[in-house]
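This report covers how the chains of the assembly meet and how copies are related. The sequence and structure come first.

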Protein chains: 4
Amino acid sequence: MKASVIGATGFAGAELLRLLEEHPEAELSFITSESSTGENIASMYPHLAKRIEKKLISMQDIDTIAASSDVIFIALPHGHAMKIGKKLRGSKTKIIDLGGDYRFKDYRVFEKWYGVKHEDPDADAVYGLTELFRSEVKKADLVANPGCYTTCSILALSSLLKYGLIKTDGIVVDAKSGTTGAGRGLKLGSLYCSVNENFHAYGISNHRHTPEIEQIYSQMAGKGVVIQFTPHLLPADRGILATCYAKLKDGVTDTQIENAFGNMYADEFFIRLLGKGACPEIKNVRTSNYVDIGWQTDKRTGRIIVMSCLDNLVKGAAGQAIQNMNVMFGMEETAGLRQLPIYP
Amino acid sequence: MKASVIGATGFAGAELLRLLEEHPEAELSFITSESSTGENIASMYPHLAKRIEKKLISMQDIDTIAASSDVIFIALPHGHAMKIGKKLRGSKTKIIDLGGDYRFKDYRVFEKWYGVKHEDPDADAVYGLTELFRSEVKKADLVANPGCYTTCSILALSSLLKYGLIKTDGIVVDAKSGTTGAGRGLKLGSLYCSVNENFHAYGISNHRHTPEIEQIYSQMAGKGVVIQFTPHLLPADRGILATCYAKLKDGVTDTQIENAFGNMYADEFFIRLLGKGACPEIKNVRTSNYVDIGWQTDKRTGRIIVMSCLDNLVKGAAGQAIQNMNVMFGMEETAGLRQLPIYP
Amino acid sequence: MKASVIGATGFAGAELLRLLEEHPEAELSFITSESSTGENIASMYPHLAKRIEKKLISMQDIDTIAASSDVIFIALPHGHAMKIGKKLRGSKTKIIDLGGDYRFKDYRVFEKWYGVKHEDPDADAVYGLTELFRSEVKKADLVANPGCYTTCSILALSSLLKYGLIKTDGIVVDAKSGTTGAGRGLKLGSLYCSVNENFHAYGISNHRHTPEIEQIYSQMAGKGVVIQFTPHLLPADRGILATCYAKLKDGVTDTQIENAFGNMYADEFFIRLLGKGACPEIKNVRTSNYVDIGWQTDKRTGRIIVMSCLDNLVKGAAGQAIQNMNVMFGMEETAGLRQLPIYP
Amino acid sequence: MKASVIGATGFAGAELLRLLEEHPEAELSFITSESSTGENIASMYPHLAKRIEKKLISMQDIDTIAASSDVIFIALPHGHAMKIGKKLRGSKTKIIDLGGDYRFKDYRVFEKWYGVKHEDPDADAVYGLTELFRSEVKKADLVANPGCYTTCSILALSSLLKYGLIKTDGIVVDAKSGTTGAGRGLKLGSLYCSVNENFHAYGISNHRHTPEIEQIYSQMAGKGVVIQFTPHLLPADRGILATCYAKLKDGVTDTQIENAFGNMYADEFFIRLLGKGACPEIKNVRTSNYVDIGWQTDKRTGRIIVMSCLDNLVKGAAGQAIQNMNVMFGMEETAGLRQLPIYP
């Protein structure tokens, strides 16, 4: 198992390096960065010192990279992966893209929300939310790794939608993410003094994870679902909590709800069902590939509130990518991902 | 203006001390604590050293306290103020209660949500959300200072409800508060290592601020309003952000929305309307009595999302209490409260 | 009292604006920024909205600015103030520089540690550590406001040096500062994810505040003092704590120590002596102009450990600058600076 | 390899559980808690859910526990381990104590600094700073795991003392620790609102890690060493940084220093020498068993400043305990401990 990471110097890229280093069967082949070509990754990320002392190369010669890689992870902003995917079509190298390029069944949704033309609209990509699409991932050559907010939101409500326990209109997903979600770019809003002791929403009514969530919600419900999605920035490094509001259909009981979650997730290693009344906490999943889910109903309003949380860099990005790799290559799905959350 | 603080050692009590010390016309009379009677407040709160070096007394002899006080602030858990209010009925001392006892027009709502019998159900208390009920506060002898989440949520949607721009069903208020909101009690959940790098919801579907918000929303709308209210705990000392979701009535325009906010708040010193598309940030109001409000609409869902934020210990507690005092005693409403937010 | 702020968009500049707005006698004349000329300061710092809505101008026409200013505060990196100071020599406008240009009695010390030529070496500047040099400040036209680490370190040991209670060799000052000390520039090391949950030293053995501390220590001791100074970056917005180690001279008693501190500071409004065994905490002075000082002796080692703390943006920068302005213009020294620390 | 944890509900105990779960050869036998006997550890620490669902028992029947354990970890406050150690003398079960009871060669040092009588003064314990005493640990039945500050401070200066490059008088260790170091007890000083945005020293001149550091420094130097040790509380969960000041002997060169560090640590897996001029950062070692060391000299003062950092719960407690277990039982020393630091 030789793996290369395209775009290794962002937070998701560096997290891939960490997880690949801890993977029992993977070996790191190439790592790339256009802005830091020639540098040792450990000089940029000293936490990797003595373990991943590897030079960053350019991704320009992607064919050579592919030739020495069983799998390529792409951890770049949208717009790059579709070029690489197109170029490597037909090669033996499998691709897992952590960006948005291949996440949409209909490339026009991508073009509308991302504002760029899709250069590889006919690609046969599988949406890699592993728990929901494991059998497709198993056969895939190109996996679109889901977004962080997306994974969290989809896992929260998919079972209720699939089993028809909630109404498909009126869904509100109020999500909160740690600051690694904003990336490593030098922005005023990412300074310590801007984030610390602060909290605010952003991207209201137009965040790009909205159509991605809707796509899977719709697939689960068997009909079009439109949601209200609002992200917020938390003064914390890692973690996403999604508070999801939905109207219960008439007469739905707690047992039905419990069963819906159980049917879908009881055998899933990485999903922990905390049950009714439990409020999952980001710190209980942080640094791990786990997703914790709790819920509560409100008789006064007829709603169910489902809360789910995960680490945006692990299950929300690099961890799920490794999970997909494991499935694609027939390895133990949890290989390299069994580390417990670190608390406190 | 002689003021006493009953329950001076909690966070809201200490904040009252700070603000009274900075008030141009108020003088501190008595401060009380049952658990720390006899101690100097500055030994418990060294930030007050050399400025408020005052001994804490017991509140047992409330008549003596009242005799030397033009106003008494009560910063105790619910259940105490109704005893004091009843006892002091008819005295010349005005009362501002920061707890829940007198916040409900119908004492049975209090009894239902707080689970205790009301001992002073006939009191003539005014709900002290100053911007909305200024004229009543002016004449009041007993003011029920609103809750922190409540103030934030009410100010966000009241104008839209009053001017009939949003539907009264389907309102969701997803609120997030800094940790001072959890008080100074020794609880595992309040430890640094429990809160830091963490985030979670609590009190889902049963938080006591729910009926308080509904009471004023209903008053504004002229009909009963039931809401979904969910509080969360932020890894920050101070600040509340409420993200409020409501369905717009058909055909409502941005101008109508702008006007509704403007009509209600344009002349309010402590309310800053950030307008459409703006996302207010906790850090811009922290430590001050300001409330920042922004909003966005979503054509896809027909909703308006209104966000408001304030400092839970200032406008959400002690600051609004001082504001009410100023109004009750005919002083300049902003006296002692003009300090700018401190940033960063 | 008309005041202008040259370099109003950095953290110290913005803090000057806040404090000037709260000053009873000062009025803001001009505010400048070269990179944001023409912008409203409140659009960059929304916490100032509705209070300081003022356009930033260029500092190029400094004569016009001076003509409408009784005092000019310069909050720029070193190298600028000496140009302005030279140009305005002889004008009626007083200058308070928050940078390093005028802090050294011997301009060659500046040139050595800052690596640039001094363009105004003959200026008659007063070192504005108000508590120590109040009478000079009173008569000054040009005040060099001390550095943040400097103020904290000097106030810790000056009394012991002046009264000859400690040895002048072997002094170690281990200092820790909140992240506002690193400024508002876009640096990788200032990102939230770089600072949060982190801690490290920097500038070891060559930080520019070293000669500044030594200059005053030497003046107090009446002989040359060389110190070891090490700054560290704290995961907090504001606050500096200096842990200062010095060898006690033989036979020095606690009473002598107590008296040395008392003689120097007992009448100082902004200095709070916590006494033997007390460990001052940053959070008790944060957002205020106070300095808290505590100390402990160690019989095993013969040392005294003095700890002092202050808010780096207030007493360590803008607050002390206002304090100096008050003294220079014969106003009440505490005017505009009496706000209590905000806790928590 | 069956392992039991006595005192499993403190932070160090829970960290032992996490690391044992990830250990390839260890199996958890018993876990104890006197205050929570009968509870499932995962209900107290939900981050362990689905992985360590084990009931806490009392440690009263220690013989039964020992009978099913190859090794017992004791993670209790001082005073308990010496009772257990005495009782289990001669049993086949090896003991690793994370508390202070067995750390001193001379039990009278323990009695003086801890203020209690030693009940097992003749025990044959080995001080488990693995890198320095590996061969003794290999043969030990009873290992005293070093303190967190201690490990950090000892590793910083031991090589310089051993090779005689620094003077033994005048050493100052200024150390800073994350809040997990204060434990999980309900104390006002451990509340989020007490620690966040705060910083202060504590235990000045009398912290119990002082004699522990001195013991090993003296052993390395071959003569008695007395140090100045000052701990501080950082607003962070994990991590210790020790800034260590020492006078260089005359004529010592950078090469000698480099060699001293290299001779002692170049082959150590868990020690990363960052070299001259480098300032190690807590966040680069956090959650791992690594120790990062950097240093700088100051010609003006003749000093070397050595900085070292580690995760207080891993290399400073549970990680080093596992490392010692590995050595004691002839396993790969890094088994279960190779996880990379998690960044950010």
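Copies are superposed by least squares on the C-alpha atoms of residues with pLDDT of at least 70 in both. The model is predicted.

Chain B is superposed on chain A by a rotation of 180 degrees, with 0.0 Å of shift along the axis and an RMSD of 0.0 Å. The two copies are therefore related as by a two-fold rotation axis. In chain B, Pro235(B) has the C-alpha nearest the axis, 3.3 Å from it. Both copies use the same surface: 100% of the contact residues of chain B recur in chain A.

The table lists its totals.

| Item, chain D and chain A | Value |
|---|---|
| Residues of chain D in contact with chain A | 36 residues |
| Residues of chain A in contact with chain D | 36 residues |
| Area buried between them | about 3,000 Å² |
| Salt bridges | two salt bridges |
| Polar contacts (both at pLDDT 80 or more) | 21 residue pairs |

On the side of chain D that touches chain A, helix H1 (11-21) and strand S11 (271-276) are the elements that give two or more residues. H1(D) supplies the largest share, four residues. By type, the residues of this side are 16 nonpolar, six polar and 14 charged.

Of the area buried between chain D and chain A, 53% is on carbon and sulfur atoms. Within chain D, the residues that lose the most area to chain A are His47(D), Arg51(D) and Leu340(D), together 23% of what that side buries.

Which residue of chain A forms a salt bridge with Asp237(D)? The partner is Lys283(A), with the closest N and O atoms 2.7 Å apart.

Definitions and conventions
Residues are numbered from 1 along each chain as its sequence is written. Chains are lettered from A and ligands numbered from 1 in the order in which they are written. This is a predicted model: local features need pLDDT of at least 70, side-chain atom pairs count only at pLDDT 80 or more; totals for chains, interfaces and linings use all residues. Side-chain values use heavy atoms; hydrogens and water are left out. Contact means heavy atoms within 4.5 Å. Buried area is the accessible area (1.4 Å probe) that two parts lose on being put together, summed over both. A salt bridge is a side-chain nitrogen of Lys or Arg within 4 Å of a carboxyl oxygen of Asp or Glu. A polar contact is a pair of N or O atoms within 3.5 Å; within protein, one must be able to donate a hydrogen and the other to accept it, and residues adjacent in sequence count only if both atoms are side-chain atoms. Ala, Val, Leu, Ile, Met, Phe, Trp, Tyr, Cys and Pro count as nonpolar, Asp, Glu, Lys and Arg as charged, and the others, Gly among them, as polar.
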